[in-house]
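These are my notebook entries on one structure.

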Amino acid sequence: MNASKTLIYDGSFNGFLTAVFTGFEQKLTHADIQKNNQLQSGLFAENETIFTNVEKAQRVWNGVQKKSYTAIKNIYFSFLSEHNNIEALLYHYIQKLMGSKYYGSADFSDDGVLKINQLAHKVGREKHRMEAFVRFQLTKDNVYFANIEPDFDVIPLISKHFRNRYADQQWIIYDVKRKYGIFYDLHTVEIISLDLTDIHSNTLEKSSVFTNEEFEYQDLWNNYFKSTTIKSRINTKLHVQHVPKRYWKYLSEKKEAV
C-alpha cells in the first residue's frame, strides 16, 4: 500500500473527483491533491498528473451519494471555499465516509469532518447573501449586469436561483475577484470571461455603458432609501451583521456610505 503521493489535477471539480478515484484505486492512505497552477511539491515527492475523466468522477459522486446526501452538499460547497489544502481535507472526509458503516460525515469528533462541515456552512451562507444582495443595472445592449465579489466561489451555486427568478431577461453576473461570470441568454446559462477595463459597481454617476433610465432609477431608489431611513433607529451593529460592509459598493442605496 502506498502511503502518500502528489496528484496534480486541472482545478475543476470533476478533475478533483477523478484524483480521488485514482487515490482510492492506488490505495493511497494520504493523497496530496493539488491544482496544476498551484503546485508546491517536495524535492523527493512522487507526482502524477491526473487527466479529468467524467466517468470516474461520476463513480465517486455516486458512491458518496449512496452513503449520504448531506455529504454530497458538504463536499461540493467546501470545495468551492478555496480553503488552503481543501483537497487533502476532502480526501480524508471521503475516506472517512466510505469507510464508515453509518454516519462518517457526521462524526464531529474528527477534526477533518468538523472542518468540512464548517466550511460548507460558510459557503452556504455566502450563497444566500449573494442571492439577496445582487443588484442588476441595465446596459445599452439590453443585458442586465451585476458585479459580485464573494468570499467564496459561489457563482456555480447561485446560477439556478437567478435563472428561475429572472427567466424573462438577459443577464450577466460577474465575479470580479475570480474574473469569470455567468451569462443567461433567455435559454441557457453559460460560463464567460470578460476583458473589463473598468470594474462597474452600482453607482449614481452616469456611464456610457448603462442606460439613462437606469441611473434615473438608481437615483430614485437611493432617495427612497434615504427617506425611509430614520437615523435615530439605526442599529449599525445589527445592520452590518445582515449586510456586511464588503457588499456595500455593489448596492446603489449604499453609495454615499462607502
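I take two strands as paired if DSSP finds at least two bridges between them. Helices (H or I, at least four residues) and strands (E, at least two) are DSSP runs, numbered from the N terminus. The model is predicted, so I note that local features need pLDDT of at least 70, side-chain atom pairs count only at pLDDT 80 or more, and totals for chains, interfaces and linings use all residues. Residues are numbered from 1 along each chain as its sequence is written, and side-chain values use heavy atoms, without hydrogens and water.

Entry 1, the sheet. I found an open sheet of three strands in the order S2-S1-S3, with parallel pairing. Strands S2 (30-35) and S3 (47-49) form the edges, each pairing on one side only. S1 (residues 4-9) is joined to S2 by six bridges. Within this pairing, I traced threonine 6 to its bridge partner in S2, aspartate 32.

I looked up how H3 (69-79) and H4 (residues 86-99) lie together. Their axes come within 10 Å and cross at roughly 170°; axes are lines fitted to C-alpha atoms, for helices over the stretch in contact, and angles run from 0 to 180 degrees between N-to-C directions. H3 and H4 are therefore roughly antiparallel, a term for angles over 145 degrees. Ala71, Asn74, Ile75, Ser78 and Phe79 in H3 meet Ile86, Leu90, Tyr93, Ile94 and Leu97 in H4, where contact means heavy atoms within 4.5 Å.

I list Glu87 and Tyr91 among the buried residues of H4, buried being under 20% relative accessible area (1.4 Å probe, protein chains only).

Methods
The expected span of a helix is 1.5 Å times one less than its number of residues. Buried means under 20% relative accessible area, exposed over 50%, partly exposed in between (1.4 Å probe, protein chains only). Angles under 35 degrees count as roughly parallel, over 145 as roughly antiparallel, 65 to 115 as roughly perpendicular and the rest as oblique.
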